[in-house]
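New page in the notebook.

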Amino acid sequence: MDEVRKLLDSLMGQSRDADLMEAKKNKGKNFTQDNVCKFYLLGFCPQWELANSKLTTKRNLGQCCKVHSEAMKQEFEEHPEKEKYQAEYERSF
C-alpha cells in the first residue's frame, strides 16, 4: 500500500487529495514540505542513486523514505526564489 502511495505522489504530487482552494494556495510551494527529498531536487539523492551499487554491500545507506517527484522538481526549478532554496539545500548536503 505504501508503494502505491509513493507512486501516486511521484506522478500526481502530494496534494492530489487536497481541495481546490487549498491546492491553489500552496501552488508553487509544495517542494518545501518536509517529506520531499531536497537532495533529489538538487539532482542527486545519495540513497536513491547508490541503492543498487556495489557500495551497498560494504555500507548500507538504507532507502530514502522521502518523495522523489518530477513534478516537485519542476516546481522547484520554476520557483522565483530557486537560488535561495538551492543554497539552503546545498548547505544541508
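This is a predicted model: local features need pLDDT of at least 70, side-chain atom pairs count only at pLDDT 80 or more; totals for chains, interfaces and linings use all residues.

I started with the Lys 82 and Glu 77 pair: their side chains meet in a salt bridge, at 3.1 Å from N to O.

Next I checked how covered the two partners are. Lys 82 has 17% relative accessibility, and since buried means under 20%, Lys 82 counts as buried. Glu 77 comes out partly exposed, with a relative accessible area of 41%.

How many salt bridges does the structure hold? I get two. The other entry I noted joins the side chains of Glu 81 and Lys 84, at 3.6 Å from N to O. Glu 81 is partly exposed, at 38% relative accessible area.

Then I looked at His 79, which sits in the loop between α6 (70-78) and α7 (82-92). Buried or exposed, I wondered about His 79? His 79 is buried, because its relative accessibility is 15% and the cut-off for buried is under 20%. I also found a polar atom of the His 79 side chain 3.0 Å from the backbone nitrogen of Glu 81.

Last, I zoomed out to the whole chain. The chain has 93 residues, and 25% of them are buried. Of the contacts between residues at least 6 apart in sequence, 64% join residues at least 24 apart. I put the accessible surface at about 7,100 Å², with 52% of it belonging to carbon and sulfur atoms.

Conventions
Residues are numbered from 1 along each chain as its sequence is written. Side-chain values use heavy atoms; hydrogens and water are left out. Buried means under 20% relative accessible area, exposed over 50%, partly exposed in between (1.4 Å probe, protein chains only). Contact means heavy atoms within 4.5 Å. Accessible areas come from the Shrake-Rupley method with a 1.4 Å probe; for residues, only the protein chains shown count as cover. Helices (H or I, at least four residues) and strands (E, at least two) are DSSP runs, numbered from the N terminus. A polar contact is a pair of N or O atoms within 3.5 Å; within protein, one must be able to donate a hydrogen and the other to accept it, and residues adjacent in sequence count only if both atoms are side-chain atoms. A salt bridge is a side-chain nitrogen of Lys or Arg within 4 Å of a carboxyl oxygen of Asp or Glu.
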